[in-house]
Amino acid sequence: MSDPIAPLSSPSDFAIDVTGVTKRFGAKTVVNAIDLRVRRGEIYGFLGPNGSGKTTFIRMLCGLLTPDAGSGTCLGYDVRSQQADIKRHVGYMTQKFSYYEDLSIRENLDFIARLYDVPDRRAAIQQSLERLGLTNRSHQLAGQLSGGWKQRLALAACLIHSPQLLLLDEPTAGVDPKARREFWDEIHRLAAQGLTVLITTHYMDEAERCHRLAYLAYGKLLTHGTLADVLASARLTTWTVTGPGLLDLAQKLRGLPGIEQVVAFGTTLHVSGRDATALEASLNSVRDPRHEWKEIHAGLEDVFISLMDAAKDNFA
Amino acid sequence: MKRFTLHRLWAIVLKEFIQMKRDRVTFGMMVGIPLMQLMLFGFAINSDPKHLPTAIRAADQGPFARTLVAALRTSGYFTLTHEAATEAEARRLLQLGEVQFVINIPADFSRRLLRGERPTLLIEADATDPSATGPALNAVRAIADHVLDRDLTGPLARLRAKSGPIDLQLHAHYNPENITQYNVVPGLMGVVLTMTMVIITALAITRERERGTMENLLSTPVRPFEVMLGKILPYIVVGYIQVTLILVASHFVFHVPMIGSLLLLYAVSFLFIAANLAMGITFSTLAKNQLQAVQMAFFFFLPSILLSGFMFPFRGMPEWAQWVGSILPNTHYLRIVRGILLKGNGLAEITPHLWPLLAFLVVAMALGVKRYRQTLD
């Protein structure tokens, strides 16, 4: 129906280039005027609390939902009018395992390959089985696989038609650390070959493996950029404290001026706030010689929680 | 902990009620299905069907003939809808199922009656469904003996012979021995197909949605029409296997006559199977879960059995029920199957029943495709 190769008229640097994308369900605005640009070959991390609109935004990118407002392109195709073209060049991995549990791995791959009309289907399936290490299990029913293997199958299935953009919605939820690491190694290999990847996650270590990040809350894009950009943008000061009676100390600290987060990490407390002077003043008021204080760089998680609290004040 | 406690039991009971309340469709069906059964069994069904369409071929229009016809009419069983000029025309009306009975009054009826020669009154019946014709034919026997009593007075009173003044002949066409199986077994074909085809496909898309595979399917380039058709085609094969099984059993176990062309029957079965599958697909786009889908299928199945003429004579039902019945594919398919097997109908005779099937298929399919598009947005 249309040219399988992305039209040259589009700014080819960006796999995703959208502005003002909005989606409402009834009276609720789930995605609120999001602007996003993702370069080709980039791994873009999409973070945010549950219900922040990540899945809805991804569904609009891959043509499953039509935005209520906003415009833009995905792989050079208009997100509003060329959804059929987008679908042919995007691989979408849903949050919940969405292949057929009563089909074997090979049958699932074969089904998907046929839907995309993959040329030289048998070879494509064999190749994808080998690359993801599924060859020995190819006759096993998908329903009998463990979480990690299901995730591999899902990845293999959404790569079978050699997409240019991969949209992964919490692909590593419930997957063990080793399988997660292997998964990310694979994602980096794919990106090195020129594939663009947009991935949502709740894991901070995964966020740090992305080239760029965006943080979403209440349907709004709160921050985006490289890891360093995001950390710097929050202007968050964090201190750690070790010593006895941390539980009492935490109680005392909460509610003092300038103190926004008091989080226990094993035998240390992390105390953060955006106003460095107010924070230090409050810390001085509870000084105890038995405690050891140290200023550290704010972690991604501290930054995100701080962003979300700030956003709650603004929107909710 | 091993003892039975009321409060744990109560916890389960409460939870069940809450879940029942959340599933509005299921709750609606629990109320709707009994109401529907009440309506159908209470009002629509009548095992003593009256006002059956009747053709009259009266070669004699004399006063005796007129009295006879008037008496048949007032019995309530016969409604004169056609006048047939020739025997061929009368036979054709029966073939098409336009009329249930043909009353033949011979030209010499009055003359032979007056001579005391017991003239013949021939009533031909479409007896494919013995339960539809039985009560009417019983009524005729009573009428024929005494209808002329008032006319045969004075010197004619002698004609009221003991054995009756008229020689009543009843011809039960298509099923002369009034064997119920001949009617029921071919009818079962439509019922079995309706039940299995609608339920199987009603689950088809609901299952995809319940298991989460739908989102994946929608994200691929596959078109709604391709999904619909792809889900229908395999079950058409299943439908044909069922048709074959029933035909084989009809022939070897029940010895049902097969007068018409089996090839024609197989060909037109396609429409019927497809119509039911499309209906099932439409249900599956409406239902939120598999339970709802099964209930909707059942909701459709009930009138398909009761109002189609399968269990009870179609013409015995009140007009509204006949109207509902004529929308249902099974009603038309039953007539086609009985027509082909028992009456030897050809394409020309069954064509009037093909259009309703086609219309049903198109509407159900269009509804299904339209609903399918809306699944995510």
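In the predicted model, 10 residues of domain 1 of chain B are in contact with 12 residues of domain 2 of chain B. On the side of domain 1 of chain B that touches domain 2 of chain B, helix 4 (87–96) and helix 6 (130–146) of chain B each supply at least two residues. Helix 6 of chain B provides the largest share of this side, with three residues. Divided by class, the side of domain 1 of chain B that touches domain 2 of chain B holds four nonpolar, five polar and one charged residues. The two domains of chain B comprise residues 52–173 for domain 1 and residues 180–373 for domain 2, and their C-alpha centres are 39 Å apart.

Helix 9 of chain B covers residues 224–252. Several positions along helix 9 of chain B are buried, among them B:V227, B:M228, B:I232 and B:Y235. Further along the helix, B:G239, B:V243, B:I246, B:L247 and B:S250 are also buried.

Chain A is likewise assigned two domains, with domain 1 at residues 14–230 and domain 2 at residues 237–297. Taken over C-alpha atoms, the centres of domain 1 of chain A and domain 2 of chain A are separated by 39 Å.

The contact between the chains involves 17 residues from chain A and 11 residues from chain B. On the side of chain B that touches chain A, four residues are nonpolar, five are polar and two are charged.

Notes:
Residues numbered from 1 in each chain as written. Chains lettered and ligands numbered in written order. Predicted model: local features only at pLDDT ≥ 70, side-chain atom pairs only at ≥ 80, totals over all residues. Domains from an automatic or database assignment. Contact = placed C-beta atoms within 7 Å. Nonpolar A, V, L, I, M, F, W, Y, C, P; charged D, E, K, R; others polar. Helix = DSSP H or I, 4+ residues; strand = E, 2+ residues; numbered from the N terminus. Expected span 1.5 Å × (residues − 1). Buried ≥ 20, exposed ≤ 12 C-beta atoms within 10 Å, placed from the backbone.
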